[in-house]
Amino acid sequence: MTTLAERTTSTVSAGADLHLSGISKRFASFSAVEDLELLVPSGTFFALLGPSGCGKSTTLRMIAGLEAPSEGSISIGGQDVTALPSHRRPVNTVFQSYALFPHMSVLENVAFGLKRKKDKQAMDKAKAGLELVELSHLANRKPAQLSGGQQQRVALARALVNRPQVLLLDEPLGALDMKLRRQMQLELKKIQTEVGLTFIHVTHDQEEAMTMADVVAVMNGGRIEQMGPPRELYELPRTAFVANFLGKSNLMRGTVTGESEGMLSVNVASHTILLPVNRAVQTSGEVVLGVRPEKITIDRVAVAGANQLTGTVIDVSFTGTTTEYLVEVEQVGLIGTFSQNRGQQPAQEGDTVFLAWDAEHSFGLAGDESVNAGVES
């Protein structure tokens, strides 16, 4: 029995490296992308993540050839494609809207691009493309007879059969409901892994990027703030924007008072908090110290041998699997944490509590960072 990858060898080509060198894009006085350097290795599932207006969609459009960069160059598989029109680039794009032809069957939609190229094997390749996305049984239906997830897979098959070296995904799951979106995240990752193409996925959804991508680049103001594997970005953010945009973080200001055995001592509102030197962007003076909410325990009694703050519970929110707490800490502000619901009730509104976490879970940012950077309003 042949594998999915073997069945589709003649349908799609291998992926290729994508290299953006010094890319900038300006519209009159507005700079959408600034001096972007990016190398995406062949076969990588790469996500450009960021809020609206950060430059991620403009970057994708420049790769596709739908926008010309103001400066810099774009190469795919070692070939400079900066001056090539979109139809001559080895890329295809899947948009959020899918853009399927309503009067054509599913099979005809998938074969459309191949027929325009006068490919004599257009229908055979289209059938193989539908097999790839497991929709062969719906080949004769019209797009209106399909669910949103099925339409998304048809659009994906249509892009893949054109043998791109790089597949561009522009918020492709944005129109789907949450349950279907999560299902399609797994489907897309499976297809990318088996076919081996280079995927460039633009999204503002943090969970989507972290679920699917091998590498995530967090964009802000036309620049890449931080890039790396999802776990690395989440566990060790290097800017307040990344810490706040990629999940939630508790950020607090402090002053470094000493260093011993690989740990910095940081004075936070008269509490000594330990911070590993190798998890700190800055190791002296004023710093911003951070910890993720799920790393913190909450209790009515103090915990020995851990970083610790004390405060008053001002809000308790039951969410089903967890209970979330907001704690007002004097001279620090609000600290958020949550506990898994296993029948316990560690605190109630109005209680004085102790918040504790292991020093290894602290991370340190530069002292001039805004603690509210990246916080969604």
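**A helix pair and a sheet**

Modeller: H3 and H5 are roughly parallel to each other; angles under 35 degrees get that label, over 145 is roughly antiparallel, 65 to 115 roughly perpendicular, and the rest oblique. The model is predicted, so local features need pLDDT of at least 70 and side-chain atom pairs 80 or more, while totals for chains, interfaces and linings use all residues. Residues are numbered from 1 along each chain as its sequence is written, and side-chain values use heavy atoms, without hydrogens or water.

Helix H3 covers residues 106–116 and helix H5 covers 148–160 (DSSP runs numbered from the N terminus: helices are H or I, at least four residues; strands are E, at least two). Their angle is about 30°, with the axes 7 Å apart; axes are lines fitted to C-alpha atoms, for helices over the stretch in contact, and angles run from 0 to 180 degrees between N-to-C directions.

Who touches whom? Val 106, Asn 109 and Val 110 of H3 meet Val 154, Ala 157 and Arg 158 of H5, where contact means heavy atoms within 4.5 Å.

Now for the sheet. Six strands make an open sheet with mixed pairing, in the order S6-S7-S8-S3-S9-S10; two strands pair if DSSP finds at least two bridges between them. S6 (91–95) and S10 (223–228) are the edges, each with a single partner strand, so one side of each has no neighbour in the sheet. S6 pairs with S7 (residues 166–170) in the parallel sense, over five bridges. For Thr 93, the bridge partner in S7 is Leu 168.
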